[in-house]
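Q: I have just opened this one and would like a slow walk through it. Could you take my questions as they come?

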Amino acid sequence: MKETMNRYRKFLNKRVLTAVGLCLLLVAAVLTNVLINRGRTEETEAQASNDAVQVSSVGRTSDPNFFAAYREERDGVRTQELAYLDAIVAQGADAETLADAQKQKLSLVNAMETELTVENLVRSKGFADVIVSMHEGSVNVVVGADTLSDEQVAQILDIVLRETGESAENVKISTTL
C-alpha cells in the first residue's frame with residue numbers, strides 16, 4: 001500500500017509540476033504578446049500622428065522630401081490599383097466587367113504617362129520640382145517654388161493644356177511655401 005501511495009505521489013507531483021510549468025509558459029506567452037502589441041501600438045500611434053502631419057501639410061510644405069514622398073505614395077497606390085485590375089482580368093469575369101477593368105487600366109496608365117510628361121516638361125522650364133495629379137475633369141500641379149510670376153504660370157498652364165487636353169478652368173496650379 002505504501003508503495004502504491006509513493007507511486008501516486010510521484011505521479012501526482014509530476015502532474016502538478018507539469019501543470020505549473022505549463023501555466024508559467026502560458027503566462028510568459030501572454031506577457032510577451034502584450035509587450036509586443038504595446039510596442040506595435042506605440043509605433044502605430046506614432047506613425048499615425050506623422051501621417052496626420054503629412055496629410056495636413058500637402059501643398060503647403062517647404063520639406064524637400066515632400067515631392068519624393070508624394071511620388072512614392074502615388075506609385076504605391078497606383079501599383080495596388082493595377083494589381084486589383086489585373087486580378088479582375090485574371091479571374092475571367094464576365095465580358096462587361098472585363099472590358100471595364102481593361103478600360104480603367106488603360107486610363108490609369110495613360111494618366112500616369114501624361115503626369116510624368118507634364119512633370120518633366122515643367123521641370124525643363126527651370127523649376128526645382130513638380131507634382132502633377134490628374135483625375136477625370138481636373139489637373140492639379142504643385143510646383144517647388146515660393147512664388148510664381150504670371151509668365152511662369154502661363155508657361156505651366158500652356159504645358160498642362162497642351163498635354164492633357166483639359167480646359168483652363170479645370171487646372172489648379174499651386175506652389176509650396
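Predicted model: local features only at pLDDT ≥ 70, side-chain atom pairs only at ≥ 80, totals over all residues.

Q: What helices and strands does the chain have?
A: There are four helices and three strands, and along the sequence they follow the pattern α-α-α-β-β-α-β. Helices (H or I, at least four residues) and strands (E, at least two) are DSSP runs, numbered from the N terminus.

Q: And how do the strands go together, in what order?
A: The three strands form an open sheet in the order β1-β2-β3, with mixed pairing, where two strands pair if DSSP finds at least two bridges between them. The edge strands, each pairing on one side only, are β1 and β3 (171–175). From one strand to the next, the twist averages 15°.

Q: How many bridges join β1 to β2?
A: Six bridges join them, and the two strands run antiparallel; as one example, M134 has V139 in β2 as its bridge partner.

Q: Changing topic, which helix lies across β1 and β2?
A: That is α2, which runs at about 30° to β1. Axes are lines fitted to C-alpha atoms, for helices over the stretch in contact, and angles run from 0 to 180 degrees between N-to-C directions. Helix α2 covers residues 66–90, and its 25 residues reach 36 Å from the first C-alpha to the last, close to the 36 Å expected at 1.5 Å a residue, the expected span being 1.5 Å times one less than the number of residues.

Q: Which residues of α2 are buried, and what covers them?
A: The buried residues are F66, F67, R71, R74, R78, L82, L85 and I88, and their cover includes α3 (95–123), β1 (130–135) and β2. Buried means under 20% relative accessible area, exposed over 50%, and partly exposed in between (1.4 Å probe, protein chains only).

Q: There are arginines in that list; what does R78 touch?
A: Leaving aside neighbours within four places in sequence, R78 is in contact (heavy atoms within 4.5 Å) with L108, M112 and E115. The side chains of R78 and E115 are also joined by a polar contact of 2.9 Å, meaning a pair of N or O atoms within 3.5 Å; within protein, one must be able to donate a hydrogen and the other to accept it, and residues adjacent in sequence count only if both atoms are side-chain atoms.

Q: Why does R78 count as buried?
A: R78 counts as buried because its relative accessible area is 10%.

Q: Now the loops: where is D129?
A: D129 lies in the loop between α3 and β1, and its side chain makes a polar contact of 3.4 Å with the side chain of R123. D129 is itself buried, with a relative accessible area of 16%.

Q: How far apart are G144 and D129 in space?
A: They are 4.8 Å apart, C-alpha to C-alpha, although 15 residues separate them in sequence. G144 sits in the loop between β2 (138–143) and α4 (150–164).

Key: Residues numbered from 1 in each chain as written. Heavy atoms only, no water.
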